[in-house]
Amino acid sequence: MNIESTPHLLRPAEKTRPVTASDIVAKLKYEVGKDPSVATELDWLHATILAVRDRIIDAWMDSTYGAWRSSAKRVYYLSLEFLIGRLMRDAMSNIGVLDDVKEALTELGVDFGVIAALEPDAALGNGGLGRLAACFMESMATVGIPAHGYGIRYANGMFRQEIADGWQAELPETWLIHGNPWEFERAERAYEIGFGGHVEEGDCTGDEPGCVWKPGERVDAVAYDNPIVGWRAARVNTLRLWQARPIDPIRLDAFNAGDHVGALEESNRAEAISRVLYPADSHMAGKELRLRQEYFFSSASLQDILFRHLRHFGTLDNLADKVAVQLNDTHPAIAIAEMMRLLCDVHGHGWEMAWTTTRAVFSYTNHTLLPEALETWPVPLMERMLPRHMQIIYRINAGVLTEARLRSGGNEDRVRAVSLIDENGERRVRMGQLAFVGSHSINGVSALHTELMKQTVFSDLHAVYPDRINNKTNGVTPRRWLFQCNPGLVGLAREAIGDAFLDDISRLDALSAHAGDRAFLDMFAAVKRGNKVRLAKRLKDQMGVTLDPDAMFDIQIKRIHEYKRQLLNIVETVALYDQMRSHPEKDWAPRVKIFAGKAAPSYWTAKVIIKLINDVARVINADPTVRSRLKVVFVPNYNVSAAEVMMPAADLSEQISTAGMEASGTGNMKFALNGALTIGTLDGANVEMREHVGAENFFIFGMTAEEVDNVRRERQSPRHAIDVSPELRQALEAIRSGVFSRGDTRRYADLVQNIYDHDWFMVARDFDAYADKQREVDAVWRDRDRWNAMAIHNTARMGFFSSDRAIREYANDIWKAGPGFEAG
């Protein structure tokens, strides 16, 4: 089956007008300002997007007006990241005009594939957190929930990753250099955001407003709206992103006095807020900018929410009945204190009423069990930057401590543990605690993660508020992560089981009945091979590397972090390389090991791991003795568009995090949906995935979360695990001795020594189990019918892990919004 020629799966959405060649030419002429004879490929891209956008606007306005007319409860999703990727194919697919556009461009002599590849990935996120937010926005539109997403319009995003001599180099991401034809600037929707200053004297603890914050610095937050289209254009919601601008763009007095650089200092300071995602915070200036970002977008979003609500209802008394605000992780936690400031200081509500409203409005999704990832801010920084909010946090804390004493029978250890102020060492504000106490619902993102939340990071708060924590297992949108990125597999499924799964992904389970069908197995294998050929061509063009599509494509693509254990993977690769050279007579399964992901700029160990992967790749790929059996590739600048090509091509998905440290994962779901088998630990959503696809179709290895916790508490030495594993010992020695670093024995000395001395992430202790499971993978790979049958079962049984299901659970259990809930 030719995956490139598979007809598009969508019938045109109801009321969506087709896009014609004349429509595109009209946009090219009247909005881009070009004649077809001189238009560039980028001009054609923008004209095409604008023509498609016109079809979306009618549905967008209908959705907005419908929510207004019915007084429906609205959901507001606050996230510091939205990793939305390219939007053109997504939007055209969901409104059913993809085939129209391709035909129109062909008529005009324009290659759709060429211009589609020119659309930049929106640099608005980094990893799973931002991609989940993007999936959730699309699913909220699909299932009919009136919703807005709120975030920051980063000019340069995270960073563009290049690899220089094996090391990660960070360059600015310039995704907005040619503008963003999807967005609408809403200059009239701008809000002032304050920082610093002082709080004027008044009764700051009474039930009536008495405090007035006088910021010492102000910036404008200007709105940019992007339409987010649901499946079959069922609904179009809004992603509103905030850009920071100075109140006064230039100090003319300073400029005219000759201080041309100083005249722009305030402008640069304001614009820095929306410049870069996750600025390095290893220094105080970085910490301050991070806090400014988080408050900036939280305040602008809440001001916008209250403005919209008041314009509609004229009162805030029914705010909790009509508004649900979901905090996506801890970054927007300052919104709790900001809502209290707005309700009390600006809108005149009494404290108790405001606090009741705030808790009823907010809910909080936790995405991490790492204590260091639950943000804390030094009290002096908070008092200097947000003095009124610090007062509010102290008052909230007083109420929390009183409640904790009553509910714990005066247990002072528990009272200290739930305090919003960490008194151990430098006094810090615990933002995770603030998000917890200010929300009526706190959810984890997998069953295991939720239970571990109760036992670890929020154990004391859970004891005080035992009814707040609940689970909402993550999901991914099948539109982008199957229908669009794997048309060959979708076409095959439609031929086998019909079209019902297009609207209800759980119906994909009917594919399992075909796992024993010889003809279907062959067609499934052909689709997979076609996807691998596509990836191999991309990497050949991008990197000059030649890959064998008949080898196993073993892929680990995710943010580089020690707990995700790319290090375990590459150490095992070194051991495999040694075994292949020592035993060339064995029938080794040929493998291509593919890595991709970014390391945070200040995370040195992660950067060293990237360098190690590239060093190992350089040596292995140049060795003729293993050239047909083993190859290693690190793909630079991993993003959504790269994932859309890599995931359908994967045979084996590496989900090997240290047990108990991955909240859920969503890459694991995307890989399995596209027919990859998983090798992984009992961590995050792997546990539930294994239950759904069947243990016989999953490669599980390693310690459990409980076993990891026991080893850490008992402070067991990792040296024994290394001593009893010759393969591990030899691999570590090869890395340390300079085999892969051109004789430089210092480059990886600390990395290896850390495994010997500490091994917090259980690389040594899980190594043998991982290596043994990889040899089991080899054995199954040789039985291709069995492998393909297992892969089919993985695809067929992933329906539960749809973001549509997840969003319906949020809507029914937490937000009380969307279809089925009365508007009245």
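The dialogue below covers confidence, helix packing and cavities.

Trainee: Where do I start?

Mentor: Start with confidence. This is a predicted model. The protein has a mean pLDDT of 94. Of its residues, 97% reach 70 or more.

Trainee: Over which residues does pLDDT stay under 50?

Mentor: Residues 1–13. The model still has 40 contacts for them beyond four places in sequence.

Trainee: Next, helices. How do I describe two packed ones?

Mentor: Use the angle between their axes and the distance between the axes. Now take helix 1 (residues 21–32) and helix 2 (residues 41–70). Their axes come within 8 Å. They cross at roughly 110°.

Trainee: Is helix 1 parallel or perpendicular to helix 2?

Mentor: Roughly perpendicular, because angles of 65 to 115 degrees count that way.

Trainee: Which residues of helix 1 and helix 2 meet?

Mentor: Helix 1 brings several, including Ile-24, Leu-28 and Glu-31. Among those from helix 2 are Trp-44, Leu-50 and Arg-55. By class, this contact of helix 1 with helix 2 has eight nonpolar, two polar and six charged residues.

Trainee: Let me try another pair. What about helix 11 and helix 14?

Mentor: Helix 11 covers residues 334–346, and helix 14 covers residues 387–408. Their axes come within 9 Å and cross at roughly 100°. That makes helix 11 roughly perpendicular to helix 14. Helix 11 contacts helix 14 through residues including Ile-336, Met-340 and Arg-341. On helix 14, look for His-389, Ile-392 and Ile-396, among others. The classes here are seven nonpolar, one polar and four charged.

Trainee: How do the lining residues divide by class?

Mentor: Eleven are nonpolar, one is polar and four are charged.

Technical notes:
Residues are numbered from 1 along each chain as its sequence is written. This is a predicted model: local features need pLDDT of at least 70, side-chain atom pairs count only at pLDDT 80 or more; totals for chains, interfaces and linings use all residues. Side-chain values use heavy atoms; hydrogens and water are left out. Ala, Val, Leu, Ile, Met, Phe, Trp, Tyr, Cys and Pro count as nonpolar, Asp, Glu, Lys and Arg as charged, and the others, Gly among them, as polar. pLDDT is the predictor's confidence in each residue, from 0 to 100. Contact means heavy atoms within 4.5 Å. Axes are lines fitted to C-alpha atoms, for helices over the stretch in contact, and angles run from 0 to 180 degrees between N-to-C directions. Helices (H or I, at least four residues) and strands (E, at least two) are DSSP runs, numbered from the N terminus. Angles under 35 degrees count as roughly parallel, over 145 as roughly antiparallel, 65 to 115 as roughly perpendicular and the rest as oblique.
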